[in-house]
Amino acid sequence: SLKGKAAIVTGSTSGIGQGIAEALAAAGADVMLNGFGDADAVERQRAGLERDHGVKAVFSAADMSKPDQIKAMVADAEAAFGKVDILVNNAGIQTVAAVEEFPDDRWELIQAINLSSNFYAIKAAMPGMKARNWGRIVNIASAHGLVASPYKVAYVAAKHGVVGLTKVVALETAQMNITCNAICPGFVKTPLVEGQIGEQARANDMTEEQVVRDVILASQPSKRFVGIDELGALTVFLCGDQASSITGTSLSVDGGWTAR
Ligand code: NAD
């Protein structure tokens, strides 16, 4: 049980982050939600966590491309809960384009949100974790943190960076009760991937059904999308005491993709 623990899940108003926040709350943790979205929908989600799981849930609208807002988010969580025990760096965006056409501003934004936000959030949460001698950091990287695909230069570079950052933080905290790991999912059917299905269909002049079958699930030997609930369960396990020796590693949850 994670009762009495306090968590931040970045990018938790949608998709994988939303599922991880729900799983942590179901395990008893207080949760700070974060991300963009309709204010009423976010408030329903926040109130739902409190109602369904009897935990405290708060929301931060911090923009993960802005270091000052990330620092303020961690400070707000420490004020609301008295501490941050669990940090899940999940916020991420994608752009699909050939390298010579890849927009400069999208390269910069993807590095900021998908990679640098992890650094700034860890940097802000670490002093408290060290002071209490307990912490769990879970970075949601990707199969694209380990292998590449064409047209995703910024995303693949950023996610490889997350895997490297994860190892360094794990080494620095290895003698404390703090772990830092990366989860590397294959394709999960979330709004992020639904957007890519449309983009790839237009770029390759294919139907969306052809893209799912021949492009997306072509790289995933299981031939099915990874479930959000599977990522929530793994995150809860990594946050438990029985995962205390799992640190600095990348856990693939990809239906065999990176085994090829
Ligand atoms: P999603 O688009 O459904 O959700 C992304 C979340 O991040 C949303 O809550 C959004 O509001 C938030 N967000 C985006 N920009 C933000 C910003 N600047 N500041 C704060 N929040 C911001 O995406 P998802 O598919 O659930 O992806 C979540 C993570 O999982 C990402 O890091 C993604 O790279 C990774 N991932 C996804 C897949 C997949 O197949 N869906 C596979 C591997 C890894």
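**Ground rules.** I number residues from 1 along each chain as its sequence is written. The model is predicted, so I take local features only at pLDDT of at least 70 and side-chain atom pairs only at pLDDT 80 or more, while totals for chains, interfaces and linings use all residues.

**Overall fold.** I looked up the secondary structure first. The protein chain has eight helices and seven strands. Helices (H or I, at least four residues) and strands (E, at least two) are DSSP runs, numbered from the N terminus. The C-alpha trace spans about 55 × 40 × 35 Å along its principal axes. I then checked the burial total. Buried residues make up 43% of the 260 residues. Buried means that 20 or more other C-beta atoms lie within 10 Å of the residue's own; exposed means 12 or fewer, and partly exposed is in between, with C-beta atoms placed from the backbone.

**Ligand shell.** I listed the 29 residues around the ligand; Gly11, Gly15, Gly35, Gly92 and Thr190 come nearest. The elements giving two or more residues to this shell are α1 (15–26), α4 (104–132) and α6 (191–204). By class, I find 13 nonpolar, 15 polar and one charged residues in the shell. Ala, Val, Leu, Ile, Met, Phe, Trp, Tyr, Cys and Pro count as nonpolar, Asp, Glu, Lys and Arg as charged, and the others, Gly among them, as polar.

**Helices α3 and α4.** Next I looked at how α3 (residues 67–81) packs on α4. Their angle is about 35 degrees and their axes are 9 Å apart. Axes are lines fitted to C-alpha atoms over the stretch in contact, and angles run from 0 to 180 degrees between N-to-C directions. From α3, Pro67, Ile70, Lys71, Val74 and Glu78 meet a set in α4 that includes Ser117, Tyr120 and Gly128. Contact means C-beta atoms, placed from the backbone, within 7 Å. This contact has seven nonpolar, two polar and two charged residues.

**Positive phi.** Most residues other than glycine have a negative phi. I noted two exceptions. Asn133 has a phi near 55 degrees. Asn133 is in the loop between α4 and β5 (135–140). Asn133 counts as exposed because it has 11 C-beta neighbours inside 10 Å. Lys223 has a positive phi of about 60 degrees. Lys223 is in the loop between α7 (208–216) and α8 (228–239). Lys223 also counts as exposed, with 10 C-beta neighbours inside 10 Å.

How values were computed. A residue is near a molecule or strand if its C-beta atom, placed from the backbone, lies within 6 Å of it. Two residues are in contact if their C-beta atoms, placed from the backbone, lie within 7 Å.
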